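This briefing concerns the strand pairing and the aromatic side chains of one protein model. Please consult the sequence and structure shown below.

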Amino acid sequence: MSCFSCAKTIHIGEHQVAIRRQLAEGGFSFVYEVRDVGGNGRTYAMKKMLAQTTKQAQDIKREVRVHRAFRHPNILPLVADANIILPN
């Protein structure tokens with residue numbers, strides 16, 4: 001588990017969330033169950049995507065734009081997003 005996963009709280013947009021558990025892991029992304037501890041107390045799914053190249057960063061930004069455009073009862077809405085650059 002990375003330091004990111006061990007953080008007590010993470011700020012994403014206007015939300016302050018605490019990671020409860022990891023739900024899934026893929027090629028360059030992780031999905032966590034998180035709880036909003038700074039506001040409404042709701043539970044959310046949070047997807048953390050890692051980019052090691054400029055192309056991957058562009059792909060992630062495109063995925064966020066596309067996801068934000070979807071409105072369907074079977075697709076979780078995108079509530080907030082953040083771009084966090086970690087030091088080398």
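How many bridges join β1 to strand β2? Three bridges join β1 to β2 (residues 15-25), and the two strands run antiparallel. The model is predicted: local features need pLDDT of at least 70, side-chain atom pairs count only at pLDDT 80 or more, and totals for chains, interfaces and linings use all residues. Residues are numbered from 1 along each chain as its sequence is written, and side-chain values use heavy atoms, leaving out hydrogens and water.

**Sheet**

- Four strands form an open sheet in the order β1-β2-β3-β4, with antiparallel pairing; strands are DSSP runs (E, at least two residues) numbered from the N terminus, and two strands pair if DSSP finds at least two bridges between them.
- β1 (10-12) and β4 (43-49) stand at the edges with a single partner strand each, so one side of each has no neighbour in the sheet.
- Neighbouring strands of this sheet are turned by 50° against each other on average, direction ignored (axes are lines fitted to C-alpha atoms).
- Val-17 in β2 is the bridge partner of Ile-10.

**Aromatic side chains**

- There is one aromatic pair, for which ring centres must lie within 6.5 Å; planes under 30 degrees apart count as stacked, over 60 as edge-to-face and the rest as tilted.
- The ring centres of Phe-30 and Tyr-32 are 6.5 Å apart and the planes are at 25°, so the pair is stacked.
- Phe-30 is buried at 17% relative accessibility, and Tyr-32 is buried at 2% (buried means under 20% relative accessible area, with a 1.4 Å probe and protein chains only).
- The charged end of Lys-48 sits over the ring of Phe-30, 4.8 Å from its centre (NZ of Lys or CZ of Arg within 6 Å of the ring centre and within 35 degrees of the ring normal).

How values were computed:
Phe/Tyr/Trp six-rings, centres within 6.5 Å; stacked < 30°, edge-to-face > 60°. Buried < 20%, exposed > 50% of the residue type's maximum accessible area, 1.4 Å probe, protein only. Axes fitted to C-alpha atoms, helices over the stretch in contact; angles between N-to-C directions.
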